[in-house]
Amino acid sequence: MSGAGASSAFVANLAPLDDGFLTYCKYDAPIAISFEAANYTRLIYQMRDRNAVFLDGHASDISSRRAGFLIPAGRRWQARHAAVLEDLAVRIPTTTLQRKLAAYLGSDCRAFDLLQPSAADPRRAEELRQTVFHLTATVESAGQQFLPNLAMTALDEISLRLFTSFSPEVLVAELSPKAPSAVQLGWVEQYLVAHYDEPLTLEALAKVSGVGARSVIWYFRMRYGCTPQQYLECVRVQMAHLQLRIFSGNSIESVALHCGFPSVAAFKGSYARQFGVPPIPRCSLH
């Protein structure tokens, strides 16, 4: 993502995220770029000063900020870079956001608005920024075989943080999520154990439980003391631990991949947190 060419070259790198994209652009000279309306939402982080953004031909209050800024779907916009262009952006189709928001709330939501990061909770906006930048670093270092799981997991996490940080509808819904039954939470637990090697999505939580993913996350934490994603991580670590102890010849990379981790680094970190030591293949113990 960070590879740069000659000073006169316009660098545009793209990494697919299941239904969305992560993009990095760089140009070492002043430039103005115009974009027609598109059917996806952009979240853009400028890494240089002296930049401005205009929506529908009008100057906006979302010029370069650490928190980033949103370009809503269906809006024409222009970016003016007075010195150097360098930005990192996430693009998510409107249909994908609608599907994930419906799964999160447990009801259809065809139209929704998102606040600008500058108008939202600064802490949550910073957490989203860290998620996007951490994803970029992980994409650059992860092996090719990990990218499908990484892409699906990342898109879900970014979408969830967009809703919980910038969606007024979600912020209101969070005050009183519908309570699932103990049976419904049990279904989720069984699903996590049976499908530990698969990415966990908001859609899966809603489908398995029969209620919105928001309700599952809220009440799952109350019952189990952790979120479904954290529970899944524990199951994955336990399964990886068994594979390392029982089967000889398994590499750290193969175990991490077969247990559903998005990267080797994620597996090593989770394993060390749970067992206090790094993972060691069985063949290395002799």
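Two strands are taken to pair if DSSP finds at least two bridges between them. The views below show a predicted model.

**View A. The open five-stranded sheet of the predicted model.** Five strands form an open sheet in the order β1-β2-β9-β4-β7, and their pairing is antiparallel. β1 (11-17) and β7 (69-71) are the edge strands, each pairing on one side only. On average, neighbouring strands of this sheet are turned by 20° against each other, direction ignored.

**View B. Pairing of strands β2 and β9.** Seven bridges join strand β2 (residues 20-27) to strand β9 (residues 85-93) in the antiparallel sense. Within this pairing, T23 stands opposite A89 in β9.

**View C. Helices α2 and α3 against the sheet strands.** Helix α2 (residues 122-141) lies across β1, β2, β4 (40-46) and β9, and runs at about 85° to β4. Helix α3 (residues 147-166) lies across β1, β2, β4, β7 and β9; its direction is at about 90° to β9.

**View D. Packing of helices α5 and α6.** The axes of helix α5 (residues 182-194) and helix α6 (residues 202-209) are 8 Å apart, and the two helices pack at an angle of about 130°. Because of this angle, α5 is oblique to α6. The crossing in which α5 passes α6 is right-handed.

**View E. Residues at the contact of α5 with α6.** From α5, the residues Q184, W187, V188 and Y191 meet A204, L205, V208 and S209 of α6. By class, the residues of this contact comprise six nonpolar, two polar and no charged.

Key: Residues numbered from 1 in each chain as written. Predicted model: local features only at pLDDT ≥ 70, side-chain atom pairs only at ≥ 80, totals over all residues. Heavy atoms only, no water. Helix = DSSP H or I, 4+ residues; strand = E, 2+ residues; numbered from the N terminus. Axes fitted to C-alpha atoms, helices over the stretch in contact; angles between N-to-C directions. Contact = heavy atoms within 4.5 Å. Parallel < 35°, antiparallel > 145°, perpendicular 65-115°, else oblique. Left-handed = near helix turned anticlockwise from the far one by under 90°. Nonpolar A, V, L, I, M, F, W, Y, C, P; charged D, E, K, R; others polar.
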